[in-house]
Each structure stands twice: as C-alpha cells, then as structure tokens.
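User: I have a model open and some questions about how its parts pack. Can you take them one at a time?

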Amino acid sequence: MTGVPSLPHENRLLRLSGQIGLGLLTLAITLLGLLLVTFLIGRVVPIDPVLSIVGERATEAQMQAIRDKLGLDLPMWQQFFIYVRDAMQGDLGTSIRTGESVSSEISRYFPATLELATLGTIFGTLVGVPAGVLAATRPGSIADQIVRVVGLMGYSMPIFWLGLIGLLVFYGHLGWVAGPGRLDPAFGMMMEFTLKPYTGMILIDAALNGAWDVFANALSHIILPAGLLGYVSMAYISRMTRSFMMNELGQEYITTARVKGMPEWRVIWVHAMKNVLVPLITVIALSYAYLLEGSVLTETIFAWPGLGSYITNGLFAADMPAVLGGTVVVGVAFVTLNMASDILYRLVDPRART
Amino acid sequence: MQLKHGFARAAALAVLMMGTSPMALMAETPADTLVVADAIDDIVSIDPHEAFEFSGVDLNNNVYDTLIELDPTKPGELVPGLAESWSVADDGMTYTFKIKSGITFSSGNPLTAEDAAGSLRRVVKMNKTPAFILTQFGLTAENVDQMITFDGDTVTLKTDKTYAPSFVYNCLTAGVANIVDMKTVMEHEADGDMGNGWLKANSAGTGAYVLKSFKPNEGYVLEARQGHWRGDAKIKNVFMQHIPEGATERLLLEKGDIDIARELTPTDLEGLAGNADVKIQGDVGGQVYYLALNQKKAELANPKVQEAMRWAIDYTGMQDSILKGLWVVHQNFLPKGFLGSIDENPYSLDIEKAKALMAESGLTLPIEIGFTVRNNQERMDIATSIQNTFAQIGINLVLDVGDGKQGLETYRGRKHDITLQTWGPDYPDPHTNASTFAMNPDNSDEANNTGYLAWRTAWDPGAELNAETAAAVEEKDSAKRVEMYGDIQRKVRDHSAFVLMFQQARQDAMRANVSGFYAGGATDSASYWTVTK
C-alpha cells in the first residue's frame, strides 16, 4: 500500500526492540523531569510539612525531631537523590500526614480513578466519534448545530455545576441512579468483608466474585460520574473527530471512491475513518490520560475516593511523598498511554511502521 | 466468542438488575443502622493517644472511654466514666481513681487498673501531638512509671506541683486520656511503636462500639458491642461516609440515603428548612473567631485604635447573614460550655463612636494596614465585611489572601499586621484558652514561643495578667476559679491585641426519625450510642 518494500524479518525485530528501548528511555527521562519539577515546587511552596504532622501546639523540640526523621535538614539535592533511589525500588516513601506507605495508599485510590476514567472514556468515545462523524458529513445541518452546542456546553460549563445538576435531576428527582459514593453502605460492607479483592475496581471485582447485586449497585453509583466525565471528553472527541473527518472528506481519494459508486457509509466508515483514526487515537489517549489524573471536582461532588483528591489533599498538607507518588503514577499513565497510542498507530497506519 | 457471550450476559444482567437494585427501592436506611456523612479528611491518626483532629476524636469517643467524663448538661461537672470514684490527697499532688469492676474491652479482656495506668503512661511515652495535655503535669517518659502507678483496682497519678484539681480532672476527660486494652495493643507492637501502627486501623477499647473498618478519606464502620457497661446501643452499625461537599450531603439526606449530615453550609441548611422529613439540631462548638493585631506595628499597639476596631465590626450583621447558624456572636475567649465562660457581649457596630476613638488616637488618617486571610469563602466574607466597616473609620485594610498553612506561617513568624484566625481549645479546661490568649512569659523574638497566641501577635499581657492566669490554673476552689477566668476574659476582651468576635455553632441536619444524637457541645465529641431511630 505504501510502496515501501517489506524489510527482512530480523531487521524489523531489531527496529522494534530499538523503538521499545527508546520508549523506555523517554519514559525514564520524562519521569525524572517530572519528579524534579514536582520536587522543586514542593520545596519552594512556603508551607512547612512538619507543622501538618505535629500540629500548631508542638514544641520546637518535637518539630526538630520530625525534621530529623524526614531528613528535611539535608541538602535538597541529597533529598532528591534519596527519593529517586527509593522510588526506583518501588518505594514511594511514607505519607507524612498518615504515616502509611504511599504505594499502598495509591493502590487504594488509583483503582477508583481508573474505573471511573475508563468508563468515562468509553462513553466519550462511543458517543463522541459517531457524533463527530455525523456533524462532519452534514456540515451546517441541524445535527451539526446540535453536536456543536452540546459539545460547547461540555467545554464551557463548570463540571462542578454539571455534576450537582446531574445529581439533582437523575438521583434527586428521577431516582434513576444511586447517589454519591462507590457503593451503598450495606454493599460496601459486603464488598469489604465477604468478597475477594482482585483489582480494587469494584465492577470488575464484583463480577469476578459473581456478586451481581454488588455489581448492579456499583454500576448505578458510577454511571453518573462516569457519564459526566464521558460528556466532557465526548465534547472534545466529537469536535476533533468532526474536523479530522471534514479534512479527509475533502481529499481526492474520497471523491474517487464516491465516483466509483461506493456506498456512502463505506466511504465514511471504512475509507475515511482509516485515516481519521490515526490522529483520533492520540486525541482519545490524551483525553483518557487527562481523566486518569483524577478530576478533583468530580471526586468531591460524588464523594469518590480517587487520585485527584489524594494529590490535592497531599498538596494542602505539604505531604510531598504523597504528591510525588501520585505524580509518578499519573506520569507513568501518561507515558504508557502515549506509547500505547504509538503502537496503535503502527497497527492502523502501515506508513508508521517504517 | 465465548468471552463476548459472557460479557454480553453480564451486561444484560446488569441492566436487568438495575431496575430491581435495592437502591431503587430503599427509601430509608435500615432501622438498626445509622449512616452519617461528614468531612473526615482531617484525620491523621485514630490511635486515641495520637488523634487530635475533630473527626478522629469523634470516632474514638464511640469506641473508647475515659476514667471520668464531663456532664453534658452541666458545664464543668464531672460524672464517672471507667472510674467509680476519684479523689485528691491533701498534698494536692496525688490523685487516685478507683476503677469500676466488670467492664470488658472489645477483645473480651477485663478492664484493670493496670490497663488504665498503662494507657496514660503510653500517652507520655509515645509523646505524640496531644501528649502535652498530660505531660503539662510534669510527666516525662523517664518518670512516668513512678508518677502513674496502680495497685489492685486503684490508679494513682502524681503531679509535679499543685494544680487546680478541676484542671487535672478536665484534662483527663480529653480524648488523649482514653483507656486502651494494653494487653491487646502490646501484642501488636512493631519496632517499639507500642502498637501505634496497629491502632491506626483497629480499636481496642471499652466503648459502646468496635471499629470494623477504617478507610482514610472514605469512611469507617462501627459495630455495636453486646453487653456494654452503659447498656447496649440501639444502633447496631454506624457507617461514616466521607462526603466533603455540603450540597451532596443535603441531597443524600433529602433522599433518605443518609441519616445525619454534618458538613452543611448555611445555604444547605436554609434549603432544608421546612422539609418535614428532616430536622435540624443546633449545638455549640468550641472554636472562636478572632482578629490578632500585631503589636510590632505601632498603629496597632495604640489602645485607641484597638478600641475603635472593637466598635467597628458588624457582629450581628455577619452572624445573621454570612455566618448564619454556623457562628454566633461571642466576645470572650472561653467558648460557652466551658467552666468559667461568660456571656457578655458589650461591643456592637457603632461607627460614630469608633470614629471618635480614631480621632483621639493621634494618628493621621487614613492608615493602611495589611490583613492576612485564609482563602476560603466564609473567611473572605468576614474579611470583606470588616474591610468595609474599617474603611469608614479611616483604616484601609489591604487583603493578603493565601492558603491556610501559609497564613499560619506568617502568623507564627509574627509577620502579619492583622490576621483573621480561629482557635479551638485543646482540652476541656479553661486553661487551654487562657494560657494562650492571656499568657506570654517572654515576648522577645528569640523566645519563639509560637504555642502562645499572645506571643505570635507580639502582645505582652504584662506581669499582672500573666500571674493571674498562672494562679487561676492552681486555684483549688472551683467557684473562685470561675470568678478568676471571668476577670481574665474581660481584661483580654477590652484591653488586648485580640478582637474576639464569634463562637462556633453547630448545625447537624438529620432525618426526622433520628433522635438522641449528641454532637458534643464545646467540650465533648459526637456520641452515636445514644441515638435511636
């Protein structure tokens, strides 16, 4: 298709491993840079982490003891070095505020965010892509206007307000979905005491345990916040799909296909879509990564114990190990998604393989 | 293909079940279960000897007990807890407590005097943040084994000098003096932590409930114990859910998915008024709102300016609008409910009087003063109101808005001009506030006595007030002690670097069928074992 002769087998393997190596190197450098910036910010904010541990009434001696324990008197580069060394061994340190290991705290908060973000992205993609295509194929029509207005609302309305209105309507008035939180208390108890945890994602764990009543309850809790996040990413995805698709539909090969008498759905969904998919993958991956950071406002309204509130709480308490740990996880998610979308490119676009 | 089928089946089932999910049917929480919503992200630890935040102490109040307790109905009066009787020897330094018999911990272990002595020693030896409440009696890790002893069913506590007995007793009602099951706790000791790590996720007390699960920033579950010494709790399970957003709590309460909402804003409370399914229960809290005027700034050390400021604040206006239901006018440093608290609020907005005082100050008006305020809605509203009224008397306030911790650093570093702050008592005795508002043994920068609010704002109360405050904490006659605190409060209210404005009020909204909930007033914490539905 591209006219490039296929390469010998070993050569491609070599190239692939080279690319993976390069990817890993990028990952390492990105993470190091990320850590450095976060670390520096943590040190320049005028907040004393010791105060948040010992409280207002502590004596100077009590404060000094904590300072020594945390190594806060060491030179900054040394503190950073110690942190990176431990992080490389999977030890993200101990939360200053709670005294718990950051890794174990994150392993509790991240699945909640992952579950929400994944469902949100699925919603956003399933609705956003067809809506974008619809708008692109009928530019200026009523359908296009509707998609634009709905998308614009998703962009411009504060998510806080949207969330509250969503709760008021679908939970408060209509009673179609369950309220804030991940489960009703009774099911929460069941989840915690009788079911076997696998992933920390309630939907998956409940399904694996065959506890369908828990599953249904979790679903009725997650549908609204996931729908809300999905709406916001849908707004972005549909706008991008529309412009990518418009661009493709103006190309000569599309005209050729139409002249050949190919059915319109095939022109759009097969021929044009193939090319739209390449940039679209990046758009979807980016919006997924954005949701993985954890949306603090959504988490607050829906009492969702996710990564966003974890990092924010950490920041307010000057709990740098928690903030850095959260940042590392978000960073890894970002870079991984980036790599995944790179790999997906190669699958959908043979030109990228060379 | 198989997988696809499985997934499709699961999805279909899920959709089917959504219609029949108990959620959709359940209008109310189960009769033996209490679901409470609150913001509990303040919790640092739930080890009773480390916990010092409101939510953690609330939790502990339901799973642990102290030797003696404060009578919620009569400020300053003591009632038995785990001790059936207590007394102080003639030397004024030896306190004895006789432990009740027949009380068991949640593990089944019987409560002994050894547990009581061991628990108080543990507080001192671990020396976590609230430990000062006990160590202020001269207890150290080195001497505590001699100062706190037990024999048979009696615990003896020795202090380093004589104090007002009511002071010692009041401190022993604080959460830090909760008694733990030392045998169980020490079984879980790791690296010499005296079981601190274990108690951060478990409970080992004599309280009406036992902790079933605790997830930071998410919630906790308490389960009632059979055969509790106070009588069995009516509510079998208490679910605490961390819901930081007031509007969300309100919605849950209206729907009947929670029984009590504890983090509502005035707007939410207003919205709930008139709803027959919901009732609102008022109570006081222990915190006070005040202005601290840095005495290093000459204009703020001028007594006429200080007095003018007291007359240039719209106390009732703020109370009735922006602070509705959450704060009430209170111009004395001891919150209502404390031993020795007084009710007089002599100041009100009087611009003319304030102007006249400013004219007498000898300053060239207007003056420009910095105002350090924490960036949150309520504080900004208060700051704006004060900025407005102060401007009318020739004081232009320049707002310095920042994060709470930042503002605190400025205050502790004596770098503010005026700062808007709240203060919450550390333990239920008047000395907790008197010692910080009316005492400052050394006002020099080098002293770095950040524990004293008077030092932070560079105010020297003078030898006389320092001495009077020191004497009040040693006064054996409780009636006399009450009188002394009244006098100290008036002096601070009328002639100090502090402008006291409001006391915290609490508004808990609950379903109409919930009764018997006690929020704890200014001196105690929430009690769930008294609740019925």
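Predicted model: local features only at pLDDT ≥ 70, side-chain atom pairs only at ≥ 80, totals over all residues.

User: Is B:Ala458 buried or exposed?

Analyst: The cut-off for buried is 20 or more other C-beta atoms within 10 Å. B:Ala458 has 21 such atoms within 10 Å, so this residue is buried. Its phi is positive, in a residue other than glycine, and lies near 60°. The burial class asked for: B:Ala458 is buried.

User: Which class does B:Asn448 fall into, by its C-beta neighbours inside 10 Å?

Analyst: B:Asn448 is in the loop between α18 (431–437) and α19 (453–456) of chain B. Its phi is also a positive value in a residue other than glycine, near 50°. The count is 13 C-beta neighbours inside 10 Å, so B:Asn448 is partly exposed.

User: Which two residues of chain B are joined by a cis peptide bond?

Analyst: Look in the loop between α15 (351–360) and β14 (367–374) of chain B, where B:Pro366 is found. Omega of the cis bond is about -5°. The bond joins B:Leu365 and B:Pro366.

User: Now the two chains. Which helix supplies the largest share of the chain A side that touches chain B?

Analyst: In the contact, 41 residues of chain A meet 39 residues of chain B. Several helices of chain A each supply at least two residues, including α7 (159–173) and α14 (307–316). By class, the chain A side has 22 nonpolar, twelve polar and seven charged residues. The largest share, seven residues, comes from α10(A).

User: How do α10 and α12 of chain A run, roughly parallel or roughly antiparallel?

Analyst: Helix α10 (residues 212–249) and helix α12 (residues 264–292) of chain A have axes that come within 9 Å and cross at roughly 155°. Angles over 145 degrees count as roughly antiparallel. The crossing is right-handed. Therefore α10(A) is, relative to α12(A), roughly antiparallel.

User: How many charged residues are in the contact of α10(A) with α12(A)?

Analyst: Among the residues that meet are A:Tyr236 and A:Phe244 in α10(A), and A:Val276 and A:Leu280 in α12(A). The contact has 14 nonpolar and four polar residues. The charged count is one.

User: What is the orientation of α5(A) to α6(A)?

Analyst: Helix α5 (residues 102–137) and helix α6 (residues 142–156) of chain A pack at about 135°, with axes 8 Å apart. The crossing is left-handed. That angle makes α5(A), relative to α6(A), oblique.

User: Which strands of chain B do the buried residues of α8(A) pack against?

Analyst: The buried residues of α8(A) are A:Pro185, A:Ala186, A:Phe187, A:Gly188 and A:Met191. Within chain A, they pack against α9 (202–209) and α10. From chain B, the strands are β1 (33–38) and β10 (237–242).

How values were computed
Residues numbered from 1 in each chain as written. Chains lettered and ligands numbered in written order. Axes fitted to C-alpha atoms, helices over the stretch in contact; angles between N-to-C directions. Helix = DSSP H or I, 4+ residues; strand = E, 2+ residues; numbered from the N terminus. Parallel < 35°, antiparallel > 145°, perpendicular 65-115°, else oblique. Left-handed = near helix turned anticlockwise from the far one by under 90°. Contact = placed C-beta atoms within 7 Å. Nonpolar A, V, L, I, M, F, W, Y, C, P; charged D, E, K, R; others polar. Buried ≥ 20, exposed ≤ 12 C-beta atoms within 10 Å, placed from the backbone.
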